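This briefing goes through selected features of one protein model. The sequence and structure come first, and the notes follow by topic.

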Amino acid sequence: MNKAISLFSTLYTLFFILSACGSKPAAVEEETAAPAAPAFAKGADISWVTEQEADGVKFYDKDGRETDCFALMKEIGMNAIRLRVWVNPETAAQQDGKDGGYGSAYSGKDDVVAKAIRAKEQGLNVMIDFHYSDLFADPGRQLTPAAWRDKSVDELKEAVAAHTTEVLEALKAADVYPTWIQIGNETRPGMLHPTALLWDEEGERAEGWANYAALTNAGYDAAKAVFPETIVMVHIDNAYEENDWWFDKLKANGGQFDMIGLSHYPMVTGKVTWREANRLALDHIRSWAEKYGVPVMVVEVGVIYGDAEADQCMKEFMDEVRTIGQCKGVFYWEPQVYADWRPQVYQTVFGWGAYNQGAFTPEGRPADYLYELTK
């Protein structure tokens, strides 16, 4: 009888130990969980804010009271902030074959973490936008970071994964858990050129899609390893254009994504009217969500400040996009820019004029049409 009791006790203890090993404590579950996504994200990319603050730019509420930009976004009615990440912005001009660098760390890892903390303090969800470049990545510019320039495809996959992990681990250490993560920015022509260039003057590059999908998946897998519950997306420009072929190609090459991100600048297409651009973008949001079985988000939108129809353009788009169940939000791109302010990179690297699609008045207050996004 005593032997039976002893055996039962041993088996029970062993069962308890094995059960404990096979389950995660609640604290561990919470550690990797992203905040719940809002039913509809009403957001802004305000990545320039720290450089503006360093330049002495001030922000004011509707009544003219000076305030913090993150607090102002919350006051406007936003529930989310988008932040871009560059690899080595301090030496970014080398990426263009120029001497010297951008000369600052804006949108580098530490700057992004600091801004993400401020967003979290306001109760705002966070989106992290990986460019995998030393400066802006967009349809006309998908340059490989200078430090990665001579790497093979496999080495680039390792670099993408390492960079993604490093930034996300820094966010986790700061107790910030992104709700969404972008793998690449406006990557319709691919990214990390020339390795994942999708086409050139001779046509489609046979290896381009395979390389692009592999690099995208390297970022996707790294993001999920740090934050398993976070929504990971790909992002292309020109929501008004027919781009089914692009998603078909990515899927055919094994590309992974939980969501589709789109840019929509309806007043500067140069091809169609803003009303037609809005209509086409809305049609694509519906059709792509259904065809590819994932939700869609407009991660960049902007209209020309001072244009007489800017308010109507935003109103008509927002009134309609909110009715699309599979559209999970809209983010205005750099609305806090005003009074011809230019970031250093526009002046020293690109030679560009001021961004003309900000949504603040010359007095530094939110323009009326910015509130269309948050109604």
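Predicted model: local features only at pLDDT ≥ 70, side-chain atom pairs only at ≥ 80, totals over all residues.

Which elements do the buried residues of α5 pack against? They pack against α3 (49–54), α4 (69–76), β4 (80–85), β5 (125–130) and α6 (153–173).

- The buried residues in α5 are Asp 111, Val 112, Val 113, Lys 115, Ala 116 and Ala 119.
- Gly 123 follows α5 and has a positive phi, near 75 degrees.
- Helix α6 has 21 residues, and the distance from its first C-alpha to its last is 30 Å, close to the 30 Å expected at 1.5 Å a residue.
- In α6 the buried residues are Leu 156, Ala 159, Val 160, His 163, Thr 164, Val 167, Leu 168, Leu 171 and Lys 172.

**Largest pocket**

- The largest pocket holds about 480 Å³ of space.
- Its lining is made up of 24 residues, and those closest to the pocket centre are Asp 138, Glu 186, Tyr 265, Glu 300 and Trp 333.
- By class, the lining of the largest pocket has 10 nonpolar, six polar and eight charged residues.

**Second largest pocket**

- The volume of the second largest pocket is about 210 Å³.
- Thirteen residues line the second largest pocket, and Trp 86, Val 87, Asn 88, Gly 108 and Lys 109 lie nearest its centre.
- Helices α5 and α6 each contribute at least two residues to the lining of the second largest pocket.
- The lining of the second largest pocket divides into five nonpolar, three polar and five charged residues.

**His 131**

- His 131 sits in the loop between β5 and α6.
- With a relative accessible area of 2%, His 131 falls under the 20% cut-off, and therefore counts as buried.
- The His 131 side chain makes a polar contact with the side chain of Asp 129, at 3.1 Å.
- A polar atom of the His 131 side chain also lies 3.0 Å from the backbone nitrogen of Ala 137.
- Leaving aside residues up to four places away in sequence, His 131 touches Arg 84, Val 85, Trp 86, Phe 136, Ala 137 and Asn 185.
- Trp 86 also belongs to the residues nearest the centre of the second largest pocket.

**His 235**

- His 235 is part of strand β11, residues 231–236.
- Its relative accessibility is 0%, so His 235 counts as buried.
- The side chains of His 235 and Gln 182 form a polar contact at 3.0 Å.
- Residues up to four places away in sequence aside, His 235 touches Arg 82, Gln 182, Gly 184, Asn 185, Glu 186, Thr 187, Gly 261, Leu 262, Ser 263, Val 299 and Glu 300.
- Two of these contacts, Glu 186 and Glu 300, are also among the residues closest to the centre of the largest pocket.

**Loop between β14 and α11**

- Glu 334 is in the loop between β14 (327–333) and α11 (344–350), and although it is not a glycine, its phi is positive, about 50 degrees.
- Glu 334 counts as buried because its relative accessibility is 0%.
- Asp 340 lies in the loop between β14 and α11, and this non-glycine residue has a positive phi near 60 degrees.
- Is Asp 340 buried or exposed? Asp 340 counts as exposed, because its relative accessibility is 69%.

**Other loop residues**

- The peptide bond from His 193 to Pro 194 is cis, with omega near 10 degrees.
- Pro 194 is in the loop between β7 (190–191) and β8 (196–197).
- Asp 55 is found in the loop between α3 and β2 (59–60), and with a relative accessible area of 48% it is partly exposed.
- Asp 55 and Trp 341 are 286 residues apart in sequence, while their C-alpha atoms are 9.2 Å apart in space.

Notes
Residues numbered from 1 in each chain as written. Heavy atoms only, no water. Buried < 20%, exposed > 50% of the residue type's maximum accessible area, 1.4 Å probe, protein only. Helix = DSSP H or I, 4+ residues; strand = E, 2+ residues; numbered from the N terminus. Contact = heavy atoms within 4.5 Å. 1 Å grid on protein atoms, 1.4 Å probe; cavity = no way out; pocket = protein on both sides within 12 Å on 5 of 7 lines; lining within 4 Å. Points joined across faces, edges and corners; volume = space filled by probe spheres on them. Nonpolar A, V, L, I, M, F, W, Y, C, P; charged D, E, K, R; others polar. Polar contact = N/O pair within 3.5 Å; in protein donor to acceptor, adjacent residues only side chain to side chain. Expected span 1.5 Å × (residues − 1).
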